[in-house]
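Dear colleague,

Please find below the structure that I am handing over to you. My notes on it follow directly after.

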Amino acid sequence: MSIWWSLHLRREAASVPLARRLLIGTMETAGVDPDISYDLSVALSEACANAVEHGGDRARGGPGSEAYRVTAYLDGEKCRIEVADAGPGFPGATAGRSRPPIRPAHTDAEHGRGLCLIQELADHVHIGNKPGRGGAVVSFDKVLKWREGAAPMMAV
């Protein structure tokens with residue numbers, strides 16, 4: 001079995017817990033181990049919070065700049081999540097290519113920890129810019145573990 005969903009969300013703080021709850025509910029239904037679900041939900045929250053804060057360009061206008069997209073795939077033994085926005089993208093990255101390595105934030109910094117946290121919680125992370133119209137894309141995946149007694153999802 002595979003599970004796939006995609007959300008088109010407004011760049012509002014209230015959208016972050018909505019995406020997180022949907023992911024946790026999907027993983028619970030699929031029988032994913034709660035620790036794995038928690039790690040991925042925290043990583044998703046960080047990616048969504050970045051899209052809400054940095055993912056728009058009001059100067060360009062249009063409805064696309066006030067929204068972002070979250071897509072999740074649970075397929076076989078892996079979960080892949082992608083968060084894409086319509087903002088200016090990451091400095092130093094070109095469309096379709098990864099940005100330079102992320103530098104950890106200072107211990108007393110109030111911002112700048114989200115991408116580092118995503119890298120710590122996921123197995124593989126890709127951070128770059130969308131080709132074409134611009135915007136950032138943060139995608140990450142993690143190998144799934146299953147709750148005791150839950151049968152793993154098999155790809156169809």
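Leucine 144 is buried, its relative accessible area being 3%. Please bear in mind throughout that the model is a predicted one. Leucine 144 is located in the segment after β5. Leaving out residues up to four places away in sequence, leucine 144 touches Val32, Ile36, Leu40, Leu74, Gly76, Glu77, Lys78 and Cys79.

**Overall organisation**

The protein contains three helices and five strands. Read from the N terminus, these elements follow the order β-α-α-β-β-α-β-β. Of the 156 residues in the protein, 42% are buried. Among contacts with a separation of 6 or more, 68% are made by residues 24 or more positions apart. The protein has an accessible surface of about 8900 Å², and carbon and sulfur atoms account for 54% of that surface.

**The nonpolar core**

The largest nonpolar core consists of 37 residues, and those with the most contacts inside it are Leu40, Leu44, Tyr68, Ile81, Val83 and Phe140. At least two residues of this core come from each of β1 (2-10), α1 (15-30), α2 (34-54), β2 (67-75), β3 (78-85), α3 (114-121) and β5 (136-143). Helix α2 gives the largest share, nine residues.

Apart from neighbours within four places in sequence, leucine 44 is in contact with Ala19, Arg20, Leu23, Val70, Ile81, Val83 and Phe140.

Helix α1 is made up of 16 residues and spans 23 Å from its first C-alpha to its last, which is close to the 22 Å expected at 1.5 Å a residue. Its buried residues are Ser15, Val16, Ala19, Leu23, Thr26, Met27 and Ala30. Viewed down the axis of α1, these buried residues fall within an arc of 110°, and they therefore line one face of the helix. Arg21, Glu28 and Thr29, on the other side of α1, are exposed. The cover over the buried residues of α1 includes β1, α2, β2 and β3. After α1 comes glycine 31, which has a positive phi, near 90°.

In helix α3, the buried residues are Gly114, Leu115, Cys116, Ile118 and Leu121. Their cover includes α2, β4 (124-129) and β5.

**Salt bridges**

Side chains of opposite charge can pair when their charged atoms come close. With a cut-off of 4 Å between a side-chain nitrogen of Lys or Arg and a carboxyl oxygen of Asp or Glu, the count is five salt bridges. Three of these are described here, one after another.

Arginine 10 and glutamate 12 form a salt bridge in which the closest N and O atoms are 3.8 Å apart. Arginine 10 counts as exposed, at 60% relative accessibility, whereas glutamate 12 is partly exposed, with a relative accessible area of 41%.

Arginine 11 and glutamate 66 have side chains that meet in a salt bridge, at 3.6 Å from N to O. Arginine 11 belongs to the loop between β1 and α1, and glutamate 66 to the loop between α2 and β2, so this pair ties together parts that are 55 residues apart in sequence. Arginine 11 is buried, with a relative accessible area of 14%, while glutamate 66 counts as partly exposed at 27% relative accessibility.

Aspartate 39 is paired with lysine 142 in a salt bridge, and their closest N and O atoms are 3.8 Å apart. Distant parts of the chain are linked by this pair, since aspartate 39 is in helix α2 and lysine 142 in strand β5, 103 residues apart. Aspartate 39 is partly exposed, with a relative accessible area of 21%, and lysine 142 counts as buried at 10% relative accessibility.

With kind regards

Conventions. Residues are numbered from 1 along each chain as its sequence is written. This is a predicted model: local features need pLDDT of at least 70, side-chain atom pairs count only at pLDDT 80 or more; totals for chains, interfaces and linings use all residues. Side-chain values use heavy atoms; hydrogens and water are left out. Helices (H or I, at least four residues) and strands (E, at least two) are DSSP runs, numbered from the N terminus. Buried means under 20% relative accessible area, exposed over 50%, partly exposed in between (1.4 Å probe, protein chains only). Contact means heavy atoms within 4.5 Å. Accessible areas come from the Shrake-Rupley method with a 1.4 Å probe; for residues, only the protein chains shown count as cover. A nonpolar core is a set of buried Ala, Val, Leu, Ile, Met, Phe, Trp, Tyr and Cys residues joined through side-chain atoms within 4.5 Å. The expected span of a helix is 1.5 Å times one less than its number of residues. The arc is that of the directions from the helix axis to the C-beta atoms.
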